Amino acid sequence: MVMKAIKYLATAFCSLILASCAGKTESSAASSETGVVDLGLSVKWATMNVGATRPDEYGLYFAWGEVASKSSYSEGTYNFEDVDRDKLQNAGVIDGDGCLLSAYDAAHSVMGDGWRMPTAAEFEELVDKCSWEVEQYPSDVRGYKITGPNGNWIFLPTGGEMSEDECINFGFYGNYWTSTVEGLYAKALRYSIPDDYHDIQRYSCEAGFNVRAVKK
């Protein structure tokens, strides 16, 4: 009887974690309408991740340049065989600044007109011009409370990443795609709760990261 109870609790815990990684945790206060916050920067930021129903959910995961989530994230499941800036521009995937066009922008595809993925420069604003403070939402999801120059703030939960078919490092690391490609890699905001760093880094495009949308 004791072993059955332990097995049941372990299964329930794993199910809860997987649901949270998929951004499907339900709440009576959940809303599908994403708000927007003016932090006093060059663009306004969404209040929650793409695919989330509230700010403390991780939301959906995307490979860079793909507009739908999927069950496995790897080179074998990635849409682009060769991530090269010139080839991507010639194919109409990115513009002259190296940023994704609307048809390949996950934020625009899921959330509609006016919304898009932030550029690397816009995420750099978030890093350089805002204050970052480790925060734990009422649902016990850890992340950063990011306060802009005007005192308004957003919350970025630590959603980790999707590698193959596993959600890894959630609760400790945050990974958010920018729309910008550099060389053979896309740029992403990466941050760590245990190490207390946040920076823009280049990363392999097939990884499954969260997306936070912006608009003018």
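**Entry 1**

I started with glutamate 66, which counts as buried at 4% relative accessibility. I kept in mind that this is a predicted model. Its partner is lysine 70: the two form a salt bridge, with the closest N and O atoms 2.9 Å apart. Lysine 70 has a relative accessible area of 25%, so I put it down as partly exposed.

**Entry 2: other salt bridges**

I looked up how many salt bridges there are, and the count came to nine. Next I checked arginine 190 and glutamate 161, whose side chains meet in a salt bridge at 3.5 Å, N to O. Arginine 190 is in strand β9 (residues 185–192) and glutamate 161 is in strand β6 (residues 161–163), so this pair ties together parts that are 29 residues apart in sequence. I found both arginine 190 and glutamate 161 buried.

Then I went to glutamate 182, which has a salt bridge to lysine 187, again with closest N and O atoms 3.5 Å apart. Is lysine 187 buried or exposed? Lysine 187 is buried, at a relative accessible area of 13%, while glutamate 182 counts as partly exposed at 35%. I also noted a network of salt bridges linking Arg54, Asp56 and Glu57.

**Entry 3: aromatic pairs**

I turned to the rings and got a count of eleven aromatic pairs. One of them is phenylalanine 80 with tyrosine 104: the ring centres are 6.1 Å apart and the planes are at 50°, so I logged the pair as tilted. Phenylalanine 80 sits in the loop between β2 (44–46) and α2 (85–90), and tyrosine 104 in the loop between α2 and α3 (106–111), so the pair ties together parts 24 residues apart in sequence. Phenylalanine 80 counts as buried at 16% relative accessibility, but tyrosine 104, at 27%, counts as partly exposed.

Tyrosine 137 and phenylalanine 155 gave me another tilted pair, 4.4 Å centre to centre with 45° between the planes. Which parts does this pair tie together? Tyrosine 137 lies in the loop between β3 (131–136) and β4 (142–147) and phenylalanine 155 in strand β5 (residues 153–157), so the parts joined are 18 residues apart in sequence. Tyrosine 137 and phenylalanine 155 are both buried.

I also wrote down one aromatic cluster made up of Trp132, Tyr144, Tyr176 and Tyr191.

**Entry 4: lysines over rings**

Last, I looked for charges over ring faces. Lysine 145 lies over the face of tryptophan 153, 4.8 Å from the ring centre. Lysine 215 lies over the face of tryptophan 115, at 4.3 Å from the ring centre.

Notes: Residues numbered from 1 in each chain as written. Predicted model: local features only at pLDDT ≥ 70, side-chain atom pairs only at ≥ 80, totals over all residues. Heavy atoms only, no water. Phe/Tyr/Trp six-rings, centres within 6.5 Å; stacked < 30°, edge-to-face > 60°. Helix = DSSP H or I, 4+ residues; strand = E, 2+ residues; numbered from the N terminus. Buried < 20%, exposed > 50% of the residue type's maximum accessible area, 1.4 Å probe, protein only. Lys NZ or Arg CZ within 6 Å of the ring centre and 35° of its normal. Salt bridge = Lys/Arg side-chain N within 4 Å of Asp/Glu carboxyl O.
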